[in-house]
Amino acid sequence: MPNRLQQYCLLSLTFLFALVLPIEVFAHGVDDNTRAFLAQNTGIQIIPFLYIGAKHMVTGYDHLLFLVGVLFFLYRGRDVLLYVSMFTLGHSLTLLFGVISDIQVNAYLIDAIIGLSVVYKGFDNLGGFKQLFGKSPNAKLAVLIFGLFHGFGLATKLQEFQLPADGLIANLIAFNIGVELGQFTALAFILLMINFWRKHRSFNLFATSTNCLLMSAGFMLMGFQLTGYFIN
Amino acid sequence: MQQQTIVLTKATLFKYTLFSIIFAAITLLTIILPAEYNIDPTGIGHAMGLTVFNNSEVEKNVTTSSQKMSEKNKGLAETIDIIVPAHSGVEYKFTMQQHKKLSYLWLTNGSALYFDLHGEPEGDTTGYFESYAIATLNRMEGSFTTPFAGVHGWYWKNTSDTPVTVQLTVKGDFSTHGLK
C-alpha cells in the first residue's frame, strides 16, 4: 500500500523536523557563529553565503508561517511555482538594491510588516476580503510586495556587518540563490504536509481554526516587533 | 485564477478575527513581552518565571562565576569581546586594589572609537574620576598602575551607524570585571 508508506515517510519527516526545529528556529536573527563569520569574511565565499541564505529561509518561522498561509489552498504545481517566483523576484530586487545602494530600513518595522503579511494571508484564507469587499486582493501582487519588504529586511541585516566590498556582489548573489534553495526546501516540507492533510476530512474541519490561529500568530509577530521598535 | 477560500458569514468572520486578535494580545501581554523585553503589565509573566531572561540576578551570578574564573587564572591573559552599539557608549571596568598593574591590548574591527581610560575611587559618590588616556583610535596597547583602589577601565563611544566590536585582551591583578 503506497499510501501507508507515504504516511510513514511523512510521519518520520515531521518527527525529525520537530526535533530539529526548536533549537534552530530564530526568525530573522543571525546566530553567533554566522555573525562571527560575516564579521571576518573576506573575498568571494560562494558556498558559505549560499548556506547562510538557505539557513535563513528554512529557520525563519515568520516566513514559514507566511508560506503555510500561501500554500494552504494552493495545490497545483504551476500555481506554487508562480507564487514562489513572484516572491523571489521581489526579494532579490530589494536585497541587491538595498545592499548595493546602502539603504537601511528599521528591522523591527520590516519584521512587523512580515507579521502583517501573515495576518493578511490568514484573513484572506478565511474569505475575509471576499466577504467584505466582494473579492480578494490580487494574491500574486501581494506576494510580490511582501517579497520586496522581505528583501529590504535582509539587506538591512546584512549591512550591519559592514560586508567588505571585495566580492560583495558575488557573495550577495550566492546568498540570494541560497535563499531560493532554502525556500524550496521549506516549501517541499510544507507542501508535503498540507497536501497530505488535504486528503483527510480533518483538513476541512480545521481549516477555519488553522487560519484563525495563523492570523493570530501574525498579530503576535506584529505586536512583538512593534514593541521592539518602540522601546529601542 | 480565483483563489479558493473558506466561506464564512460576516458574523462568523468577525468572531474569528476578534478571537485571533484577543488571543494574540493575551499571548503577547502574558508570555512574549515579559520574556522578550521584560515588559510585564499583568505580572503573570513574572509569576510564571518568564522574566528571568532579563533578570539582573542572573547577570550577577554570571559575573560571580567569571570572577572566580579570573581569580583562578590570575597572571593569565584574558580576552573579552565588547560590542559598542551604534550611536552609544559603553563602559568596561576592572575592580582593582591600589598600586596594581594591568597590561592591555585592545583593537576594534576597523573603525576608530573615541575612548577615555580612567579610574574611579572605591566608595566615591561625587562622580570623581581620573583619566589616564583620552584619544580616538582603533587600537591601543599599554599598561597602567592604579593610583587608588576602585574601578578602572574604558569608556568607548561609537558615533557611527553600525555596532563596533572591541576585542580587549588583559593581564593583571583585578578581582572582577564587567560592563558598567
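Which pattern does chain B follow, read along the sequence? The pattern is α-α-α-β-β-β-β-β-β-β-β-β. Helices (H or I, at least four residues) and strands (E, at least two) are DSSP runs, numbered from the N terminus.

The model is predicted: local features need pLDDT of at least 70, side-chain atom pairs count only at pLDDT 80 or more, and totals for chains, interfaces and linings use all residues. Residues are numbered from 1 along each chain as its sequence is written, while chains are lettered from A and ligands numbered from 1 in the order in which they are written.

Five strands of chain B form an open sheet, ordered β5-β4-β7-β2-β9, with antiparallel pairing. Strands pair if DSSP finds at least two bridges between them. At the edges lie β5 (130-137) and β9 (177-179) of chain B, each pairing on one side only. Within the sheet, β4 (residues 113-121) and β7 (residues 150-158) of chain B are joined by eight bridges in the antiparallel sense. Here B:G119 stands opposite B:H152 in β7(B).

Chain B also touches chain A. In all, 26 residues of chain B are in contact with 27 residues of chain A (C-beta atoms, placed from the backbone, within 7 Å). Helix α1 (residues 10-37) of chain B gives the largest share of its side, 15 residues. By class, this side of chain B has 15 nonpolar, nine polar and two charged residues. Nonpolar means Ala, Val, Leu, Ile, Met, Phe, Trp, Tyr, Cys and Pro; charged means Asp, Glu, Lys and Arg; the others, Gly among them, are polar.

Notes. Two residues are in contact if their C-beta atoms, placed from the backbone, lie within 7 Å.
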